[in-house]
Amino acid sequence: MTDPAPHGNDPAAMPKAAAAPSPHPAPHPLAARPSRALRGRVAVPGDKSISHRAVILGLLAIGETRIENLLEGDDVLRTIAAARAFGADIRQTGPGGWRVVGAGIGGLAEPEGVLDFGNAGTGSRLMMGVAGSHPVTATFDGDASLRRRPMRRILDPLVRMGATVVSEAEGGHVPLTLRGPVETIPVTYETPAPSAQIKSAVLLAGLNSPGVTTVVEREATRDHTERMLAYLGAEVTVSPEGSGRRVALRGQPELRGREIVVPADPSSAAFPLVAALLVPGSEVVIEGVMTNPLRTGLLTTLAEMGAAIASENRRDLGGEEVADLRVTASRLEGVDVPAARAPSMIDEYPILAVAAAFARGPTRMRGLAELRVKESDRLAAVAAGLAANGVRVEIEGDDLVVHGEGAAVAGGGTVPTHLDHRIAMAFLVMGLASRDGVAVDDGAMIATSFPSFLPLMRRLGAEFTGAPA
Ligand code: S3P
């Protein structure tokens, strides 16, 4: 979906940011070799969405927020740096353990210098909601990938709430400078795309507004912001609205810092999970994976394809349901994935497309327009990666059709990853189950969301070349 036209900004004003995008690590070519059966129990890192929110709401809370199992990937470290720039006192207390002492709603400091979010779409967009509702001026920038991603979808509602876009890169991109109003105007806003980032930016802005801010979404998206706001003491009501939801937040609550335990990220678990399904003879248990129903579209789809995934030891962890997932190598069948399921598995299409390449018969994934505006154009990147490894694939409108032949794919190709962590991990998984292995041009971005990916996969028996042992 394209973002609407600009509004209320001053195109003559130059962004305060440097001309070059923020540097990213040197490219790190990697290759996955065909593997023996994968076996073992592993725990993937904390959920990226919840980690960003824990830091941001810790900044806005009064008192101390103690976070356990925070994802220490580059994206979240950027959000921590920004929260510090807005006045939070943030310390690491141990591996995955962090303590945030907040500045409180209305108490933000004006950040000095540019807030460099690197590759992090979620961190930058949610923080725009925070900055755009406080009387501070803040400049946002990022790497070459973030500079291509649409930001008007965030700026539009913020301008309605009283923010000023002082400057933006042409087309509504970072680098951009945002100034919040003295008093934020509460709004009722219908999101133009099924996006938890848009919803969350508006709700976070609504926190500093004297009234009720309402977000209406036509399709329900991940609800971590709503859950965490309620957990920290805000008044949030969620009601069904057609096939979507209406979320209403009473502004200027007193958020109280509390303990937040971050459950394991289902979007990271997806990689060892699909690897175990595809590599013959594998059996892997992935521990404590979050099974929030707004994140389980991949599990639903794989079950329809015939995957053997058992949910064991279901339990509650800090307000989210988690389970250990026991995954056994399975023969998969092609399926038709409805568009309505997309929000519950939006980050999982690259790895689902890899699974589909090994399944018997075509898999059609419908309604994937949003994939074009992720860390890369994932529709194009997935299709190119599959084709480079001997898989027949088509993009038809917003649908992706993968023609699986019910056998190991040939492999042998090198996949361009376009600064996209999930493209890199998906195709490395493909290599493990392929006939000739698969190379990726750059695995460095894996550190944004799953820094332990290579050692964890190696512990299960995977073999990679071009990677430190
Ligand atoms: C996220 C929402 C999704 C997802 C992203 C994380 C979030 O993005 O792709 O990785 O934490 O809110 P959109 O809101 O753009 O769909």
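How many aromatic pairs does the structure hold? The count is 4, and a few of them come up below. Keep in mind throughout that this is a predicted model.

1. Start with Phe-117 and Phe-140. Their rings are stacked, with 5.7 Å from centre to centre and 10° between the planes. This pair links distant parts of the chain, 23 residues apart: Phe-117 is in the loop between strand S6 (114-116) and helix H3 (121-131), while Phe-140 belongs to strand S7 (residues 137-141). Both Phe-117 and Phe-140 are buried.

2. Next, have a look at Phe-450 and Phe-453. Their ring centres are 5.5 Å apart and the planes meet at 70°, so this pair counts as edge-to-face. Phe-450 is buried, and Phe-453 is too. These two also belong to a cluster, in which ring pairs link them with Phe-271 and Phe-464.

3. One more ring deserves a click, that of Tyr-231. The charged end of Arg-258 sits over the Tyr-231 ring, 3.8 Å from the ring centre.

4. Now for the charges. The salt-bridge count comes to 44. Among them is Glu-226 with Lys-199, where the closest N and O atoms are 2.8 Å apart.

5. Arg-99 forms a salt bridge with Asp-89, with 3.3 Å between the closest N and O atoms. Here Arg-99 comes from strand S5 (residues 97-101) and Asp-89 from strand S4 (residues 89-94), 10 residues apart. Are these two buried or partly exposed? Arg-99 has a relative accessible area of 17%, and the cut-off for buried is under 20%, so Arg-99 is buried. Asp-89, at 28%, is partly exposed.

6. Glu-312 and Arg-326 give another strand-to-strand example. Their side chains meet in a salt bridge at 2.7 Å, N to O. Because Glu-312 lies in strand S16 (residues 308-317) and Arg-326 in strand S17 (residues 320-328), the pair ties together parts 14 residues apart in sequence.

7. Some salt bridges share partners. Which residues end up in one network that way? They are Arg-149, Arg-222, Arg-378 and Arg-422, together with Asp-347, Asp-420 and Glu-375.

8. Finally, there is a sheet to trace. It is open and made of 4 strands in the order S18-S19-S21-S20, with mixed pairing. Strand S18 (336-337) and strand S20 (392-396) are the edge strands, each pairing on one side only. Strand S19 (residues 360-365) pairs with strand S21 (residues 399-405) in the antiparallel sense, over 6 bridges. If you want a spot to check in the viewer, Gly-361 stands opposite Gly-404 in S21.

9. That sheet has a helix to go with it. Helix H9 (residues 349-358) lies across S18, S19 and S21. Relative to S21, helix H9 runs at about 35°.

Conventions. Residues are numbered from 1 along each chain as its sequence is written. This is a predicted model: local features need pLDDT of at least 70, side-chain atom pairs count only at pLDDT 80 or more; totals for chains, interfaces and linings use all residues. Side-chain values use heavy atoms; hydrogens and water are left out. A salt bridge is a side-chain nitrogen of Lys or Arg within 4 Å of a carboxyl oxygen of Asp or Glu. Helices (H or I, at least four residues) and strands (E, at least two) are DSSP runs, numbered from the N terminus. Buried means under 20% relative accessible area, exposed over 50%, partly exposed in between (1.4 Å probe, protein chains only). Two strands pair if DSSP finds at least two bridges between them. Contact means heavy atoms within 4.5 Å. Axes are lines fitted to C-alpha atoms, for helices over the stretch in contact, and angles run from 0 to 180 degrees between N-to-C directions. Rings of Phe, Tyr and Trp (its six-membered ring) pair if their centres lie within 6.5 Å; planes under 30 degrees apart count as stacked, over 60 as edge-to-face and the rest as tilted. A charge sits over a ring if NZ of Lys or CZ of Arg is within 6 Å of the ring centre and within 35 degrees of the ring normal.
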